[in-house]
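Let's take a walk through this protein model and look at a few spots where its parts meet. Keep the 3D view open while you read.

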Amino acid sequence: MPNADRPPTLTDVARLAGVSVPTASRVLNGGVRGKQSGSPEMRQRVQDAARALGYSVSPAAQAIKGGRARTIALVVSDIDDFGSATMISGVMHAAEKRGVSVAVRTTRDDPLREIALLEELRGERHRAIVIGTSRTTDARREAALAAQLGTLDAHGTRVVVIGHSALPFPSVTVDNREAAAALAEGLALAGHRRFAVVSGPDFEITSQDRVAGFLEGLDRHGISVLSGDVVHRSFSRDGGYAAVDDLATPVAELDAIAAMSDAMAVGVIARLHEQGIEAPGDVEVSGFDHVPMLGDVLPSFSTVEVPLEAFGEAALSLALDDGDPQPDQRIALRATPIVHGAAVARR
């Protein structure tokens, strides 16, 4: 048995379990891709011995031995955004089940910082990198990103992209365009006819898809939106707040303002309240993402439920589980419109 004055060692575990030190090491230091060593009964003895002795594997030692850390890197635009926070939570839960840790890095929507972060990540030797930043129509930016990710992939770091993109790596996607169209149709069927749309930057693919889909959905019901009533700002609370003042049509003449993220919707509602306009009493405000806490505050809030937490499980299944995913492999998740139509045809 180990000396009470020192922490237990792998040798102590092996002795208690009745196996060799190399065998105990293989059981306790198995790869994150589900590789197992020995019979189930033997593995159980080793694991029971480790628990009884209070022995834990050293991540640092594993990294030195395997040449790669037991971590994945998750790169997002911002941790303050509702959607990003939910996605981060999903990735962390999925990583915990696989015995790995998550290192979160933020780009602050700065393309130069994004490239610099990826250069730094080369030296950290993560098992995988999940890119959860917004893809854009800037060809030079996307090419620079693809080059950095290609270098990481060539050196053994798996790369997974969250969202639609032309990047040559496995990805987890959701059909923003189709979901936005379904939301628009639901709001039109609820009786709304005069719309404004506020969304993220017009050079971001997600923003483009959501706006295009929403306008297509309205068009199926013979409804159009003035170009001046489609406003692009940041995908944030402040972006939604600022967008209200840039609408071409006075808010009092609108039935609904469709915000292409829940965070933007919060900003829209805040600005309307300052103007003495109630939502949804006077104007309905819809969102996109489905942040659960908003449903508690605004039970009649129409939005699109994007399975943000499920992105984590899907991304890590591509990044860490057995198999070698192909560059064009996609896991497509479904987004579900939630339409209440609380304020309908008031004028």
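Which residues in H2 meet which residues in H3? Keep in mind that this is a predicted model. On the H2 side you'll find Thr23, Ala24, Val27 and Leu28, and they meet Met42, Arg43, Val46, Gln47 and Ala50 in H3. Sorted by type, the residues of this contact are six nonpolar, two polar and one charged.

How do the two helices lie against each other? Their axes come within 10 Å and cross at roughly 85°, so H2 is roughly perpendicular to H3. Here are the two partners side by side:

Now for some rings. A search of the whole structure turns up one aromatic pair. Phe195 and Phe214 form it, edge-to-face, with 5.8 Å centre to centre and 70° between the planes. The angle counts as edge-to-face because it is over 60 degrees. Phe195 sits in strand E6 (residues 195–199) and Phe214 in helix H9 (residues 205–219), so to speak a link between distant parts of the chain, 19 residues apart. Both Phe195 and Phe214 are buried.

One last stop: Ser302. Look for Ser302 in the loop between helix H12 (292–297) and strand E10 (303–305). Is Ser302 buried or exposed? Its relative accessible area is 0%, so Ser302 is buried. The side chain of Ser302 also makes a polar contact with the side chain of Glu284, at 3.0 Å.

Terms used:
Residues are numbered from 1 along each chain as its sequence is written. This is a predicted model: local features need pLDDT of at least 70, side-chain atom pairs count only at pLDDT 80 or more; totals for chains, interfaces and linings use all residues. Side-chain values use heavy atoms; hydrogens and water are left out. Rings of Phe, Tyr and Trp (its six-membered ring) pair if their centres lie within 6.5 Å; planes under 30 degrees apart count as stacked, over 60 as edge-to-face and the rest as tilted. Helices (H or I, at least four residues) and strands (E, at least two) are DSSP runs, numbered from the N terminus. Buried means under 20% relative accessible area, exposed over 50%, partly exposed in between (1.4 Å probe, protein chains only). A polar contact is a pair of N or O atoms within 3.5 Å; within protein, one must be able to donate a hydrogen and the other to accept it, and residues adjacent in sequence count only if both atoms are side-chain atoms. Axes are lines fitted to C-alpha atoms, for helices over the stretch in contact, and angles run from 0 to 180 degrees between N-to-C directions. Angles under 35 degrees count as roughly parallel, over 145 as roughly antiparallel, 65 to 115 as roughly perpendicular and the rest as oblique. Contact means heavy atoms within 4.5 Å. Ala, Val, Leu, Ile, Met, Phe, Trp, Tyr, Cys and Pro count as nonpolar, Asp, Glu, Lys and Arg as charged, and the others, Gly among them, as polar.
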